[in-house]
Amino acid sequence: MTQLKRVGVLTSGGDAPGMNAAIRATVRACIYYGIEPVLIKEGYKGLIENRMKSADARSVANILNLGGTFLKSARCQEFRSKEGRAKAFENIVTAELDGLVVIGGDGSFTGAMLLQEEHGLPCIGVPGTIDNDIYGTDYTIGYDTALNTVVEAIDKIRDTASSHNRLFFIEVMGRDAGFIALNTGIASGAEDILIPEQEKTIENFMESLQKSGRGGKSSSIIVVAEGDRSGGVFELSRAVEENFPEYEVKVTVLGHIQRGGKPTCFDRVLASRLGVAAVEALKNGDSGIMVGVRDQQVVKTPLDRAISKHNQIDNHLMKVAQIVSL
Ligand code: F6P
């Protein structure tokens, strides 16, 4: 067991619902194990600008149910340079931090890995992103809430789509990954789902639209992942309008609404588990790893693997999507 006196916690990259629950769990696990928690504002930017504050159990009261991150987050350009990281490390030494918990996505983990390699600071990653694109965990914090937000939005669009016999292209987030699109597409009864993991051109899409006709359906919902490589929602909509004038086509980009809102029960529990696991990992002497959940168990994955590998899209789920959209 490593003797730890002070541990810092920050959130970095795109915010995700449940990050507050993860901060709370990290702070309280520190206190439970006799460690002084230190809150760092605005991610790596706050490290460079020395915006740190010691916390107690009450510092994180009443944040469990809130979306966003009360520590604020940033994508910090300066931390990408060696000089920026050295500046951050000077402040870490002054603040006497023995370890750092980084809640964020793959960009944030790259920063943590470099900080550890260059300066020897033990860093633990906690996966927080709505994209669910981090290797080494079945679920990232925020993903479940985003899924529910998207499904609720698409249900509403379905009401108006069917009232007017329209075809809607709905763009959802996910960066280069199609997890949000595939799962929300199935859950909202989408007629087609376009994701980056699947090679599909606009022509392929048009062919399947031609073949399927609309089979007596009064409306159609096509869920498109933002990283899809067939041309994007506006290109797709133009192509359908040109080739199938019988369709009245609309486009909705759901955008940042997907990142907000109260975290679901699932995300709050996941975040609480992983915040505690991160502190326990530091106590255990781990460094340069991410804590995640696989098959209901907490597991550790080296940060370089978490960043460089990708979770695979479940092919059976793809087939399910095809079958249930008939
Ligand atoms: O990684 C989370 C995410 O919301 C992605 O799904 C999206 O591509 C990106 O962040 C948007 O980033 P920003 O808020 O910086 O525009």
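## A pocket and its lining

A pocket here is an open set of grid points, on a 1 Å grid over the protein atoms alone, with protein on both sides within 12 Å along at least five of seven lines. In this predicted model, the second largest pocket has a volume of about 520 Å³.

Its lining is made up of 29 residues, and those nearest the centre are Gly13, Arg75, Gly107, Ser108 and Arg175. If you are wondering which element gives the largest share of that lining, look to helix α4 (residues 106–119), which supplies 6 residues.

## Arg85 in helix α3

Now let's turn to a single side chain. Arg85 sits in helix α3, which covers residues 82–94. Is Arg85 buried or exposed? Arg85 counts as buried because its relative accessibility is 5%, and the cut-off for buried is under 20%.

The side chain of Arg85 comes to 3.0 Å from the backbone oxygen of Phe79. Setting aside neighbours within four places in sequence, Arg85 is in contact with Phe79 and Arg80, and also with Gly111, Leu114, Leu115, Glu118 and His119.

## Nonpolar cores

In soluble globular proteins, nonpolar side chains tend to be buried together. Here, the largest nonpolar core holds 61 residues, with Ile221 and Val291 having the most contacts inside it. Beyond residues up to four places away in sequence, Val291 touches a set of residues including Ile124, Val126, Pro127, Leu274, Ala281 and Val299.

Another core, of 26 residues, lies apart from that one; among its members are Leu10, Ile40, Tyr44 and Leu121.

Technical notes. Residues numbered from 1 in each chain as written. Predicted model: local features only at pLDDT ≥ 70, side-chain atom pairs only at ≥ 80, totals over all residues. Heavy atoms only, no water. Helix = DSSP H or I, 4+ residues; strand = E, 2+ residues; numbered from the N terminus. Buried < 20%, exposed > 50% of the residue type's maximum accessible area, 1.4 Å probe, protein only. Polar contact = N/O pair within 3.5 Å; in protein donor to acceptor, adjacent residues only side chain to side chain. Contact = heavy atoms within 4.5 Å. 1 Å grid on protein atoms, 1.4 Å probe; cavity = no way out; pocket = protein on both sides within 12 Å on 5 of 7 lines; lining within 4 Å. Points joined across faces, edges and corners; volume = space filled by probe spheres on them. Core = buried A, V, L, I, M, F, W, Y, C linked by side-chain atoms within 4.5 Å.
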